[in-house]
Each structure stands twice: as C-alpha cells, then as structure tokens.
Amino acid sequence: MARLLIAASGTGGHVFPALGVAEKLPDYEIQWLGTPNRLEQSLIGDRYPFHSISVEGFQTRSPLKKLQILLGLVNSVFAVKKIIKEEKIEVVFTTGGYIASPAILAAKLSGIPAILHEANYIPGKVTKLLSRFCNTVALGFEGTKKYLPNIPTIWVSTPVRSQFYTPQSLDLNIPDNVPLIVIIGGSQGAVSVNQLVRNCLPEWLKMGVYVVHLTGKNDPDADIFKHPQYISLPFYDNVAGLLQRADLAVSRAGAGTLTELAITKTPAILIPYPFAAEDHQSFNAKVFVEGEAAYCYQQKELTEQNLKDLVLDLIKNPEKLKRMSQKSSELAVIDSAEQLSKLIKDAV
Ligand SMILES: CC(=O)N[C@H]1[C@@H](OP(=O)(O)OP(=O)(O)OC[C@H]2O[C@@H](n3ccc(=O)[nH]c3=O)[C@H](O)[C@@H]2O)O[C@H](CO)[C@@H](O)[C@@H]1O
C-alpha cells in the first residue's frame, strides 16, 4: 500500500477538498498533517493518523516577528521531513495555505513528489512561491494558469466530498413543496451577511419560503430571529443534502462552496468576502456570473432593499431559477477528485 501525507488545514475550503480526494484513495495509507486546534482536528477525527505542527503566515511588519516566523518555518520543515522519513511517506498532497509551505519544502528535501491543489482563481502566496517545487499544480479554475507561468498545471476544478454525488436526505423538517433558500457564509460563517439577511427575512418568509441559515460559530446574534419557517444552525454537516434541496443560495464566494453549488446545480446570489487575499473571492465569483449561474454583489454596494427584492424576484420566477440551475451544472466537473487521485497515483 502506497503511503500518502495530506497537508490540509484551517478552513473547510482547504480541508473538505482534501477529504474528497482521500475518499478516492481507499488503497492508500493516508496520514494527515494539520495544525493544533483548527477545524481539521474535529473533521478528521480518528479517520486518519494526525500529525500536528505549528505554522504562521508572514503578514507582520515587525522584522523580529518575521525572523521568528521564518525560524518556525525551518523547524516545521524539519518536523515534516522527520514524519516523511519515519512514516515512509511516498507522496505529499496539499490544498495550499500556510501548512503547504513546510509540506512542499519537506517533500522536496526528502526527494518525494508533491502535488498541490489551488482552489482559488487568484493563487495564494504559497502557491505562487512554492509551485516550482511541486510535480504538478492542479487548478480549481481554468483561468488560473496565466498566474503560474512555467509551472506544470492541470485544470481539475475543486474536489468535493462524495455525499454531493448521491441524493442525501434532510433531517430539518422542511415540507417538500415549499421554496428553500440557504444562506451560507463559508466554513466560518459571515457575520455581516448574516445581519443583512436577518433584516430581509420577514418579507421572504411572508412569501411562504423556508430559510436555512448557516451562521458560523462566531455570530453573537445567531439566535435572535425566531420563526417556524426559519432554521438557524452554526454549522451543518449535511450541506450536500441542503444544497440538493435548495432553490436558491445566498453565499460567500469561497472556491469550495462554489464548486458544491455547481455540483448540486444551485442558483446563487454571491457576496464575496471583501477582505480575502487579493480579493480572490470576487474573481471566483466572476466565473459563476459569466457562466450565468449566479448574481454577484460586493458587500459594500448591496443594500438590504436590493437583496430583499432580488431574492423575491427570483423566487417568483421559477423559470429564471431553472435556467440558472442549468447554467450552474454546466460549470461542474464531476470527476475532480478522481483526476486528483490519479495524479497522486501517477506521481508515486
Ligand atoms: C475568508 C477566506 O479567505 N476564505 C477562504 C476559505 O474559505 P472557506 O473555508 O470559508 O470556504 P469555502 O467556501 O471554499 O468552503 C466552505 C466549506 O465548508 C462547508 N461547510 C460550510 C458551512 C457549514 O455549516 N458546513 C459545511 O460543511 C461547505 O460545504 C464547504 O465545503 O478557503 C477557500 C478555498 O481556498 C477560499 O476560496 C476562501 O476565500
């Protein structure tokens, strides 16, 4: 059995695509590299042996702090190199972010292949800097290639968990024949979107729609609004079932969620996270707007009235939603996880 180290950490957008790939490699002995107290620890649970290292980004102005972070990175590289040696790892797969730096550098120093998946349209800093040390960089968006000249890239879209491919039942007590709107702010929720949505709810609910609102765990007002047609959850494991049932999503534009919207053919109103690095969520969203699968509004320009009206207009026009749904499905790549698992196998 070949031995694979997966380095994926921090947010659902990094961990879930890696899980989607892991599910396609039942004949591999997989170990996970993550950081302490982040999402991956609870998500991975005891599914895979878990190695934890500390990593930090370089976004500080203090030269002393930068030096400390650099020393920390050097330590992490050697810690991962030790794991690779002791566990006889043959290939490293990473979905980018801070954890990818020590993973890619340690793979290079150990003489084993590294495969990197970059989910966002604008590649992150680590991808730009360290792609040259990877055997292949797999891309979530076709247009990203132009940002990585001279790097062997292949467009595979972004993998999703296997439950997105089979019908999932919902345990949320929503009648069959009512329109359902899902609000999803990425894996951590989006407090400003939550606030905007709560102000729109009374009018939407009056129309008979149901709303499932995934608020994230950090919204102090998450429990304020109560209504029999409104379900608010800090985090929900069955996003697959929810999007399969939804008529419309109001969402941030993280690459993972966008891919899931396409796979489940869900029309969407996108509100990119304004502080994402290099505004990458707006670029992700643009692909869905140009594909006529979604509307996109910048948070600063979207008023309560606009959002209220747009949702009501779409809910009253099932034909419009149906067309967006069709267009959304045209953006889906259904064998992304298989393609990535094959790249990993070929590298070994
Ligand atoms: C603020 C920020 O920089 N976020 C980035 C982060 O986002 P983040 O992790 O928020 O983003 P994504 O939208 O890519 O993925 C969220 C994932 O969490 C899952 N989910 C969400 C809520 C819930 O209750 N249950 C659940 O399972 C979704 O189904 C999805 O699989 O990584 C993405 C992929 O690199 C980037 O595109 C995003 O820009």
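# Helices and sheets: a working chat

Visitor: How do helix H6 and helix H10 pack?

Guide: Helix H6, which covers residues 191-206, packs with helix H10, residues 304-316, at an angle of about 45 degrees, and their axes are 9 Å apart. Axes here are lines fitted to C-alpha atoms, for helices over the stretch in contact, and angles run from 0 to 180 degrees between N-to-C directions. Helices (H or I, at least four residues) and strands (E, at least two) are DSSP runs, numbered from the N terminus.

Visitor: What kind of model is this, and how are residues numbered?

Guide: This is a predicted model, in which local features need pLDDT of at least 70 and side-chain atom pairs count only at pLDDT 80 or more, while totals for chains, interfaces and linings use all residues. Residues are numbered from 1 along each chain as its sequence is written.

Visitor: Back to H6 and H10: which word describes how they lie to each other?

Guide: H6 and H10 are therefore oblique to each other, given that angles under 35 degrees count as roughly parallel, over 145 as roughly antiparallel, 65 to 115 as roughly perpendicular and the rest as oblique. H6 passes H10 in a right-handed crossing; a crossing is left-handed if the near helix is turned anticlockwise from the far one by less than a right angle, and right-handed if clockwise.

Visitor: Which residues make that contact?

Guide: H6 contributes Leu196, Asn199, Cys200, Glu203 and Trp204, and H10 contributes Glu304, Leu307, Lys308, Val311 and Leu312, where two residues are in contact if their C-beta atoms, placed from the backbone, lie within 7 Å. These residues divide into 6 nonpolar, 1 polar and 3 charged. In this division Ala, Val, Leu, Ile, Met, Phe, Trp, Tyr, Cys and Pro count as nonpolar, Asp, Glu, Lys and Arg as charged, and the others, Gly among them, as polar.

Visitor: What about H3 and H4, at what angle do they pack?

Guide: Helix H3 (residues 63-86) and helix H4 (residues 100-110) pack at about 55 degrees, with their axes 8 Å apart, and they are therefore oblique to each other. Their crossing is right-handed. The residues in contact include Leu73, Val77 and Ile84 of H3 and Pro102, Leu105 and Leu109 of H4, and the contact as a whole divides into 10 nonpolar, 3 polar and 2 charged residues.

Visitor: Switching to sheets, what is the order of the strands in the sheet of 7?

Guide: That open sheet has the order E3-E2-E1-E4-E5-E6-E7, with parallel pairing; two strands pair if DSSP finds at least two bridges between them. Strand E3 (50-52) and strand E7 (153-155) stand at the edges with a single partner strand each, so one side of each is left without a neighbour in the sheet. The twist averages 25 degrees from one strand to the next.

Visitor: How many bridges hold E1 to E2?

Guide: Strand E1 (residues 2-7) and strand E2 (residues 28-34) pair in the parallel sense over 6 bridges, with Ala7 opposite Leu33 in E2. The chain goes from E1 through helix H1 (residues 12-22) to E2 in a right-handed β-α-β crossover, meaning that, with the strands pointing away from the viewer, the path from the first strand over the helix to the second runs clockwise.

Visitor: And the sheet of 6 strands, which ones stand at its edges?

Guide: The order in that open sheet is E10-E9-E8-E11-E12-E13, again with parallel pairing. Strand E10 (230-233) and strand E13 (294-296) stand at the edges, each with a single partner strand. Strand E12 (residues 268-270) runs parallel to E13 and is joined to E13 by 3 bridges, and Ala268 has Ala294 as its bridge partner in E13. Helix H9 (residues 280-290) packs on this sheet, touching E12 and E13, and its direction makes about 135 degrees with that of E13.
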